[in-house]
Amino acid sequence: SPPHSCNAAAHPQSQVDFLKGEVHRKHPGVTNMKTLRMPEELQTAARSIIHSAQVTRLTERTRDLTNFLWSRKRPVEDATLRKKAMSLEKELWERAMEKRGDEQVLEERIRKKVFSELRRTTYRWTPLKYDEELGLVYMAARLAGGYAAVRRAINEIKKRDPSFAPQSLLDFGSGLGTVVWASHSCWGDTLKEMVCVDSSGPMNILAERLLKGAGEPHIKQVYFRQFLPVSPKVQFDLVAAAFTLSELPGVKEREEAVLTLWRKTSSYLVLVENGTKDGHQILMEARDTLLKKQDKTLHDTRTASVFAPCPHDLMCPKLAVEPITPCNFQQLYQPLPLPRNNVQQTEKFSYLILSRTEPTEAETEGVAWARVIAPVQRRTRHVHCRLCCPDGQLQHLVVTARNHGRDIYRCARSSNWGDQLPIIQKVDDDIETDSETHS
């Protein structure tokens, strides 16, 4: 069937039961969660580890690391640099030729100028090496926010595919083990085997200490590795990489990692990054790789389809609108209770969930779901919703009870940024294709 546009033809309201018995406030498209708190055991363990380590200037270093990680960009690729150097060189030669002069001297001068210009304007990416102390600063800076982003992303699987009960989990770039904690708080003891892979030994040790707290491990069957399991035949129900792809040194490494992780996925692959332009673009690269590249080593021939947040497998429409703004979402959370750190905070993240199987939720005939990609503006008797639609277009939809029926209107009023909204159109004079997006 053709992808639904947000101005798809109407179905008589009475025949379409998209609410499935839920009240409007809890309609099936709601994925937002209230302010998230980390599990008590994780919070207690983290506080006690940080407290006993007595890291010097912790507050200041936490702030610096948070800012550093948020402003982190992708490493610049060699090809991009070469292109930039060539166009700079061409421009400088054109200017120089107007004045004429000794070519050899000119060449040397231009070469130096190109180098100094590139040095001045190129983002210098350096790999982060976590020793124990930086690991502790990272714990203070990112444990709670990272947990909130992952917990919110996987909540969507839990809500839309309630029969999914993962028994095995692979977390690539597991850091402090937040994915294990988030998955455990979502699915509990159905998880029988959790493999955490992180190249940093000190990080793995800290993650184990967090699990143990003061005694027996709070979550059992968690195994730590420094390298990915080799056999492509071994698959995991759930595979995740949170804030990991951005730590790989180049586009080729990211592509290889994503293909490897997909081979290891039997149901869902969950990728989470910062809600920045670079974070979003890293995820869109991964999405392209998995939807378009033919993998040469196939053991599992089921193809990838996007489960969330995109309501389609087409190109991301956000990348087609200048200036490019990231597709990101927000989750409120309670930070680690450390000195001067007790105000509720907001995690801004981007995520991508790919599924091996076609969506399992019982699709209601005549209903398509669009994603709300900016804060919902509630006004008197109408609601402004900015949506990414199943036909791959961005739309600014003004929802009214008269035009869309009372059910859709009440759902729109109780939806938030990040939720899905059912689309059953009656008229299409209240739609504009949207170029004003929200960053």
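This is a predicted model: local features need pLDDT of at least 70, side-chain atom pairs count only at pLDDT 80 or more; totals for chains, interfaces and linings use all residues.
Residues are numbered from 1 along each chain as its sequence is written, and side-chain values use heavy atoms, with hydrogens and water left out.

H1 spans residues 40-53 and H7 residues 201-212; their axes come within 8 Å and cross at roughly 125°. That angle makes H1 oblique to H7, because angles under 35 degrees count as roughly parallel, over 145 as roughly antiparallel, 65 to 115 as roughly perpendicular and the rest as oblique. The axes are lines fitted to C-alpha atoms, for helices over the stretch in contact, and the angles run from 0 to 180 degrees between N-to-C directions. Helices (H or I, at least four residues) and strands (E, at least two) are DSSP runs numbered from the N terminus. On the H1 side, Leu42, Ala45, Ala46, Ile49 and Ser52 meet Leu206, Arg209 and Leu210 of H7, contact being defined as heavy atoms within 4.5 Å. These residues divide into 6 nonpolar, 1 polar and 1 charged; Ala, Val, Leu, Ile, Met, Phe, Trp, Tyr, Cys and Pro count as nonpolar, Asp, Glu, Lys and Arg as charged, and the others, Gly among them, as polar.

In the loop between H1 and helix H2 (58-70) lies Gln54. Gln54 has a positive phi of about 45°, although it is not a glycine.

H2 in turn packs on H5 at an angle of about 75°, with the axes 9 Å apart, which means that H2 is roughly perpendicular to H5. The contact has 8 nonpolar, 2 polar and 3 charged residues. Its H2 members are Leu58, Arg61, Thr62, Leu65, Thr66 and Leu69, and those in H5 include Glu133, Val137, Tyr138 and Arg142.

H5 (residues 132-160) also packs with H6 (residues 178-187): their axes come within 9 Å and cross at roughly 40°, which makes H5 oblique to H6. This crossing is right-handed. By class, the contact has 10 nonpolar, 4 polar and 2 charged residues. Among them are Tyr147, Arg151 and Ile154 in H5, and Trp181, Cys186 and Trp187 in H6.

Attention now turns to the loop between strand E6 (305-308) and strand E7 (329-333), where Pro309 lies. The peptide bond from Ala308 to Pro309 is cis, with omega near -5°. Pro323 is also placed in the loop between E6 and E7, and the bond from Glu322 to Pro323 is cis, with omega near -10°.

The whole structure holds 2 cavities of 30 Å³ or more, a cavity being a set of points, on a 1 Å grid over the protein atoms alone, where a 1.4 Å probe fits but cannot get out. Helix H9 (277-292) and strand E8 (345-355) each supply at least two lining residues, and H9 gives the most, with 4 residues. The lining comprises 13 nonpolar, 3 polar and 3 charged residues.

Terms used:
A crossing is left-handed if the near helix is turned anticlockwise from the far one by less than a right angle, and right-handed if clockwise. On a 1 Å grid over the protein atoms alone, a cavity is a set of points where a 1.4 Å probe fits but cannot get out, and a pocket is an open set with protein on both sides within 12 Å along at least five of seven lines; lining residues have an atom within 4 Å of a point. Grid points are joined across faces, edges and corners, and a volume is the space filled by probe spheres set on the points.
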